[in-house]
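Hi everyone, thanks for coming. I'll take a few minutes to walk you through a structure that may be new to you, so let's get it up on the screen.

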Amino acid sequence: FGYTGGSTMAAAAATKGVQVTHLDGSKTAVTWAKRNADAAGLDESSFRWIADDVMTYVEREIKRGSRYDGVIFDPPAFGRGGKRNQKIWKLQDDLPLLVSRLNELLVDDPSFVLLTCHDPEWPHYRLAELLSSFRPLGGGRGL
């Protein structure tokens with residue numbers, strides 16, 4: 001759900017030396033994000049550019065034992081990803097599972113979790129309840 005890279009670039013620019021993974025199911029969006037990062041003069045070595053289905057990627061990272069210091073995600077209400085756009089994403093069905101699986105990718109004391117959601121079926125209190133499953137952030141402070 002990295003789209004054209006606004007959050008990706010902000011994360012990379014905020015802290016020197018971080019590795020930022022940009023993930024989107026659309027190769028076109030990933031290409032635009034790469035161009036935007038280049039146009040912004042950001043160090044290419046700060047980024048991993050991934051065009052894949054989000055759940056496929058997350059499951060693969062869990063199996064690899066990868067850990068992340070934080071996550072930013074802005075899922076659409078509906079989308080397609082993966083090879084030949086065969087995977088279908090439905091926010092109503094898939095967001096709770098994604099949150100559960102992302103929690104397994106976070107380090108024991110994650111720095112941040114940022115979720116934006118633009119769907120009236122997911123008001124702030126419902127999102128807060130869903131995100132309460134994440135481990136405490138930054139020294140035990142919850143979301």
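When I say that residues touch or are in contact, I mean heavy atoms within 4.5 Å. And keep in mind that this is a predicted model.

Let's start with Glu 61, which you'll find in helix α3, residues 54-64. Is Glu 61 buried or exposed? Glu 61 has a relative accessible area of 2%, and anything under 20% is called buried, so that's what Glu 61 is. What does Glu 61 touch, leaving out residues up to four places away in sequence? The answer is Arg 48, Ser 66, Tyr 68 and Leu 105.

Next, a pair of helices. The axes of α4, residues 91-105, and α5, residues 124-131, come within 10 Å and cross at roughly 35°. On the α4 side, the contact is made by Gln 92, Leu 95, Pro 96 and Val 99; α5 brings in Arg 126, Leu 127, Leu 130 and Leu 131. Sort those by class and you get six nonpolar residues, one polar and one charged.

Ile 72, Phe 112 and Leu 114 make a nonpolar patch of about 240 Å². Leu 114 belongs to strand β6, residues 112-115, and with 42% relative accessibility Leu 114 counts as partly exposed.

Most residues other than glycine have a negative phi. Tyr 3, though, isn't a glycine and has a positive phi of about 50°. Look for Tyr 3 in the segment before α1, which is 6-14. Tyr 3 counts as partly exposed, at 35% relative accessibility.

That's my tour, thanks!

How values were computed:
Residues numbered from 1 in each chain as written. Predicted model: local features only at pLDDT ≥ 70, side-chain atom pairs only at ≥ 80, totals over all residues. Heavy atoms only, no water. Axes fitted to C-alpha atoms, helices over the stretch in contact; angles between N-to-C directions. Helix = DSSP H or I, 4+ residues; strand = E, 2+ residues; numbered from the N terminus. Nonpolar A, V, L, I, M, F, W, Y, C, P; charged D, E, K, R; others polar. Patch = residues over 30% accessible without salt bridge, like charges linked within 9 Å, V, L, I, M, F, W, Y side chains within 5 Å. Areas by Shrake-Rupley, 256 points an atom, 1.4 Å probe, with all protein chains shown as cover. Salt bridge = Lys/Arg side-chain N within 4 Å of Asp/Glu carboxyl O. Buried < 20%, exposed > 50% of the residue type's maximum accessible area, 1.4 Å probe, protein only.
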